[in-house]
Amino acid sequence: MSCRYKPKKINGGAKAGVTTNVIDLASGLSVTDSRWSNQKAEFLLFIDDAGFEKIVSYEGFAFTFAGNGYLIQVWKNWLASNPPVLFPLPPVEMILENGQALSMAVCIVQMNVKNLIFHRNSAIVYDSALFAGTGATQARAAWEESHDAKLAVQSAISIDNLSGGCIKYLEFSTGQHNLNETATIGDVGRLLAERGTVMYHTKQQTSGTVVPVRDAAANDPHVREAVEQLASGTISANAPCNSMYNAWAPEELKQLEEAMRTVQRVRDKARETG
């Protein structure tokens, strides 16, 4: 697949599981990387350009997701079904048997007026831009110099010693984008098992030996087990972010509900007048 916005490969010390989302309200853009991953104690499995996008355009609103891949899939399916009433909302978290929370994060922008109506887990928030994910700090630094959201995401990825796939974007004013939704999160797990990459690491080292997943699975029973879990859907690939292991606070849920009421009100009014 060709990709106009492809980060360069240069040496660096960032985590390979980088997720970087930039919402540039001034320029009217939502921009993300395209990497999905699953973190284990001694290694990271990841895949780029799998066809499962982090941005969804719905009825004049841009939804930009991060966090648990399964929950993101539930929300994308729900939006694609175009429900006549947007309540109750799909789940935004799940609690595992061990009590660990898994959750998703989302930023919602009303595109025609460039109005941010909701965000969760935006590590850095300005009046005209916000930055989320593990690459937020680097993206912010690059954006402060260039005020270019695409270059900001590219910068966040390029400090890694591996490229992070295509830079994906949605323009608010025109609707122009390079999104190509061809896969489900289940497909991503199966694709990761077929053509993904394994990066081994230690507590002291955030990047290390990189091995094709098939080679790693053939020689490492722990990788083989993780690959089987991903392929079967027992676990999902993720777009890791700071709040992925935190339950949603009641106030966050209330704010999300208020934002979705705005989505429904604007959507229904547009349908009535259109």
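The model I am reading is predicted.

Entry one. I looked up Glu144 and Arg140, whose side chains meet in a salt bridge with an N to O distance of 3.9 Å. Both belong to helix H2, residues 136-146, and because they are 4 residues apart there, about one helical turn separates them. I took the cut-off for a salt bridge as within 4 Å, so the pair at 3.9 Å is counted.

Entry two. I turned to Asp33, which forms a salt bridge with Lys54, and I found the closest N and O atoms 2.7 Å apart. This pair links distant parts of the chain, since Asp33 lies in the loop between strands S2 (29-32) and S3 (35-39), while Lys54 lies in the loop between strands S4 (43-48) and S5 (55-58), 21 residues away. Asp33 and Lys54 are both buried.

I then checked Arg271, which forms a salt bridge with Glu59 at 2.9 Å between the closest N and O atoms. Arg271 is in helix H7 (residues 250-273) and Glu59 is in the loop between S5 and strand S6 (61-68), so this pair ties together parts that lie 212 residues apart in sequence. Arg271 is partly exposed at 38% relative accessibility, and Glu59 is partly exposed at 35%.

By the same rule, I recorded a count of 9 salt bridges.

Methods: Residues numbered from 1 in each chain as written. Predicted model: local features only at pLDDT ≥ 70, side-chain atom pairs only at ≥ 80, totals over all residues. Heavy atoms only, no water. Helix = DSSP H or I, 4+ residues; strand = E, 2+ residues; numbered from the N terminus. Buried < 20%, exposed > 50% of the residue type's maximum accessible area, 1.4 Å probe, protein only.
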